[in-house]
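Please read the following report with the sequence and the model side by side. It takes up the disulfides, the nonpolar cores, a loop residue and a pocket in turn.

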Amino acid sequence: MWKKSFLMLLFSLSAQTAALDCETMKKTNEFPSPKVYSETDVIMKGQNVSLFCSNRNKSLQITYVMFRGMKHLGTWDGKGEPMIFNLRISEAGDLGPYKCKTQVSNCSRYSQEFSFTFANPVTTPVLNISAFQTETARYITLRCISYNGSLPINYTFFEKDIAISPAISKNVREPAEFNLTERIIGEREEYRCEAKNRLPNHAKYSQPFTMPSTGRDSCPFCLQLLLPGLLLLLIVIILMLAFWILPKYKARKAMRDNAPRNYGNKPMEVGIYANVCQNQADDKSVPGLEPRQCVSTAQDGTGHSQEIHYATPVFQEVAQGDHGEQ
């Protein structure tokens, strides 16, 4: 009987000693609480992740137990190095919370809870630029937006490969804006923007936009404005010429249609020409002057004849007082 009582006393003392040792280990931080963590807490659906459970005391032989909620996921023994639990997050129930338990002999410690969050990656952002220029400077407004991806989204603007703006966070789907002023230096500048959310390694960059080179005597958008202006001017000139030339062309065509036709392809073969001059004796004519009337006749190949009459003028001297007698 006394042996049984002695054994129970020894067991009770060992349990108390173990409890005191565990409490001592906790108080002296010899056996601190474990830490559970991952490289990121924001993931995409269906992503494989790794959970780490570690303890700062590298000299203890520790048993690691992983839980998701109240579900036991696995038990591993290790010493010195953190234990790695590989998981696949396929649905909302896989997001957590996760908790890690470490155990040394009869002493156990639990970690804080850890959970994942689903996120959609951003799509390639769109960069828009507006600018106006003075004689000494050019004022530029950069706008960048990604139309897909989980919010918030951080936008950063670059000139070539150098960031020229801080990260601009947007919690709503609207463009991020950044204003800058350039001095006229006559160089071509290239801009682009970056969009990223909390999802790591999924940053996207816009297409680069190159601003035309400028100078004190140049205009950055003159060429873009000049080409449509020249095209419009050309159209106006063509219409004016059309309205001015077309009526004249119609008038000339009408005159040609109304004019006698010249059968140039049927030359008239002149047959016989004759000049007939008759002396007409006029009783009242002045002596010594012989008025004549000449008639020319021509006959073509068809037998038709034409007559052309010529008149020869006759001049006569009169006395100064004879005007009334004429």
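The structure holds two disulfides, a disulfide being counted here when a pair of cysteine sulfur atoms lies within 2.5 Å. In general terms, such a link is a covalent bond between the sulfur atoms of two cysteines. This is a predicted model, in which local features need pLDDT of at least 70 and side-chain atom pairs count only at pLDDT 80 or more, while totals for chains, interfaces and linings use all residues. Residues are numbered from 1 along each chain as its sequence is written, and side-chain values use heavy atoms, with hydrogens and water left out.

| Disulfide | S to S distance | Angle about the S-S bond | Hand |
|---|---|---|---|
| Cys 53 and Cys 100 | 1.7 Å | -85° | left-handed |
| Cys 144 and Cys 193 | 2.0 Å | 65° | right-handed |

Cys 53 belongs to strand S3 and Cys 100 to strand S7 (residues 98–104), so this pair ties together parts that are 47 residues apart in sequence. Strands are DSSP runs (E, at least two residues), numbered from the N terminus. Both Cys 53 and Cys 100 are buried, where buried means under 20% relative accessible area, exposed over 50%, and partly exposed in between, with a 1.4 Å probe and protein chains only.

In soluble globular proteins, nonpolar side chains tend to be buried together. A nonpolar core is a set of buried Ala, Val, Leu, Ile, Met, Phe, Trp, Tyr and Cys residues joined through side-chain atoms within 4.5 Å. The largest such core has 22 residues, of which Leu 51, Tyr 64, Met 66, Phe 85, Ile 89, Tyr 98 and Phe 116 touch the most other members. At least two residues of this core come from each of S3, strand S4 (61–68), strand S6 (83–89) and S7, and the largest share, four residues, is supplied by S6. Leaving aside residues up to four places away in sequence, Leu 51 touches several residues, among them Val 36, Tyr 37, Met 66, Phe 85 and Phe 116, where contact means heavy atoms within 4.5 Å. Apart from this core lies another, of 18 residues, including Leu 142, Cys 144, Tyr 155 and Tyr 191.

Thr 123 lies in the loop between strand S9 (117–118) and strand S10 (126–133), and Thr 123 is partly exposed, with a relative accessible area of 30%.

A pocket is, on a 1 Å grid over the protein atoms alone, an open set of points where a 1.4 Å probe fits, with protein on both sides within 12 Å along at least five of seven lines, and its lining residues have an atom within 4 Å of a point. The largest pocket is lined by 14 residues, of which Glu 39, Thr 40, Gln 47, Asn 48 and Val 49 lie nearest its centre. Strand S2 (42–43) and strand S3 (47–54) are the elements that give two or more residues to this lining, and the largest share, five residues, comes from S3.
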